[in-house]
Amino acid sequence: MKWLKNRRVFLALTLMIVIALSGCGKDDEPIGQNVNLNDGSGKKVLVVYFSRTGEQYGVGNIEKGNTAIVAEMIAEKTGADLFEIVPENDYPYTYSELTDVAKKEQKDNSRPKYTGAVPDLSQYSAVFVGAPVWWGDWPMICYTFFEENATALAGKTLIPFATHAGSGLSGFDKKLAGACPDSTIGTGLAIMGADAQKDRDKVGKNVAEWLAGFGY
Ligand SMILES: Cc1cc2nc3c(=O)[nH]c(=O)nc-3n(C[C@H](O)[C@H](O)[C@H](O)COP(=O)(O)O)c2cc1C
C-alpha cells in the first residue's frame, strides 16, 4: 500500500534527522556515579540487555545486535551473568518497518511483553542494563522490565549502556533513575552501534576504560 510505504519512508527520514540533530550539543548532563563493584567481597553482577538482529541503521543486515555485542563484552570482562530481554512478539526485520512500530509504541506509552524467566535478582549487587537508543529513549520493552522488577532492583546499582547512531546516551541514566527510583545509578556508557559491528577493538577499549571506573 503506497500510503503505508510513504509513511515508513517519512518516519525513517524523520529519524535520521532526529539522530543528526540530537548528536550536537544538548543538555544531557550525566547523573551516574562510579561504584567499586570489584572490591574482593565477591559481589555478583548481571548484564541485562535488549538488542535486535535484522536490518539496522548504518550496518545493513546483522546477525548479532550491536547492543548484544557490547553486553557480551561487559559480561566477559566482569564475569557477569547475562539476561536478554526477548520480546514476546518479534519486531519487524526491516529497518523502516521497525521505526514505525517503535514510534507507535513510544506514542502509546506501551509496555511490550518479553519472554523468559528473569534470574533471581536478589543474588546481584549490580546490574548493567543496555539497549539501543530508539527515538531518543529506551525501547518501551525496557520500561516493561524496569517497572516489573523495580522492587527487586531497589538498593542495587544499575549501570546503563546504550548503542546509538549519533544521539549518545540520550538521558538513559535519568530515565532509568525515574523508572527505578530506589536504585543507585552508575556512570553510563554510549557506544556507536556501527563500531560494535566494524571496530570491536575500539569498542573493547572503551568498555575496558569505563569498567575500570567500577574497579575492573
Ligand atoms: C526504531 C529505531 C529508532 C532509533 N532511534 C535512534 C535515535 O533516536 N538516536 C540514535 O542515535 N540512534 C537511533 N537508532 C539507531 C540505533 O540506536 C542503533 O543502530 C543501535 O546500535 C541498534 O542496536 P541493536 O543492534 O542492539 O538493536 C534507532 C534505531 C531504530 C531501529
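## Overall picture

A residue counts as buried if 20 or more other C-beta atoms lie within 10 Å of its own, as exposed if 12 or fewer do, and as partly exposed in between; the C-beta atoms are placed from the backbone. Of the 216 residues of this protein, 38% are buried. The model is predicted: local features need pLDDT of at least 70, side-chain atom pairs count only at pLDDT 80 or more, and totals for chains, interfaces and linings use all residues. Numbering starts from 1 along each chain, as its sequence is written.

The protein has seven helices and 10 strands. Both are DSSP runs, numbered from the N terminus: helices are H or I with at least four residues, strands are E with at least two. Two residues are in contact if their C-beta atoms, placed from the backbone, lie within 7 Å. Among contacts in the protein with a separation of 6 or more, 82% join residues 24 or more positions apart.

## Around the ligand

The shell around the ligand holds 27 residues. A residue is near a molecule or strand if its C-beta atom, placed from the backbone, lies within 6 Å of it. Ser51, Thr67, Pro132, Ser167 and Gly193 come nearest to the ligand.

Several elements supply at least two shell residues each: helix 1 (2–22), helix 2 (66–78), helix 3 (95–107) and strand 8 (157–164). By type, the shell divides into 13 nonpolar residues, 13 polar and one charged. Here Ala, Val, Leu, Ile, Met, Phe, Trp, Tyr, Cys and Pro count as nonpolar, Asp, Glu, Lys and Arg as charged, and the others, Gly among them, as polar.

## Helix 2 against helix 7

Two packed helices are described by the angle between their axes and the distance between the axes. Helix 2 and helix 7 (residues 200–212) pack at about 50°, with axes 10 Å apart. That angle makes helix 2 oblique to helix 7. The axes are lines fitted to C-alpha atoms, for helices over the stretch in contact, and angles run from 0 to 180 degrees between N-to-C directions. Angles under 35 degrees count as roughly parallel, over 145 as roughly antiparallel, 65 to 115 as roughly perpendicular, and the rest as oblique.

Helix 2 passes helix 7 in a right-handed crossing. A crossing is right-handed if the near helix is turned clockwise from the far one by less than a right angle, and left-handed if anticlockwise. Helix 2 brings Val70, Met73, Ile74, Lys77 and Thr78 to the contact. Helix 7 brings Val203, Gly204, Val207, Ala208 and Leu211. Seven residues of this contact are nonpolar, two are polar and one is charged.

Asn206 also lies in helix 7. This residue is partly exposed, with 18 other C-beta atoms within 10 Å. Asn206 and Ile191 are 15 residues apart in sequence, and their C-alpha atoms are 8.2 Å apart.

## Two positive phi values

Most residues other than glycine have a negative phi. Asn109 has a positive phi of about 50°, although it is not a glycine. Asn109 sits in the loop between helix 3 and strand 6 (114–115). Asn109 is exposed, with 8 other C-beta atoms within 10 Å.

Ser170 also has a positive phi, near 55°. Its place is the loop between strand 8 and helix 5 (172–179). Ser170 is buried, with 24 C-beta neighbours inside 10 Å.

## Links across the sequence

Leu153 belongs to helix 4 (residues 140–153). Leu153 is buried, with 22 other C-beta atoms within 10 Å. Leaving out residues up to four places away in sequence, Leu153 touches Leu121, Val127, Leu158, Cys180 and Ser183. The C-alpha atoms of Leu153 and Ser125 are separated by 9.1 Å, and the two residues are 28 apart along the chain.

Gly215 is in the segment after helix 7. Gly215 is partly exposed, with 14 C-beta neighbours inside 10 Å. Gly215 and Val35 are 180 residues apart in sequence but 7.7 Å apart in space, C-alpha to C-alpha. Beyond residues up to four places away in sequence, Gly215 touches Asn36, Leu37, Asn38 and Asp39.
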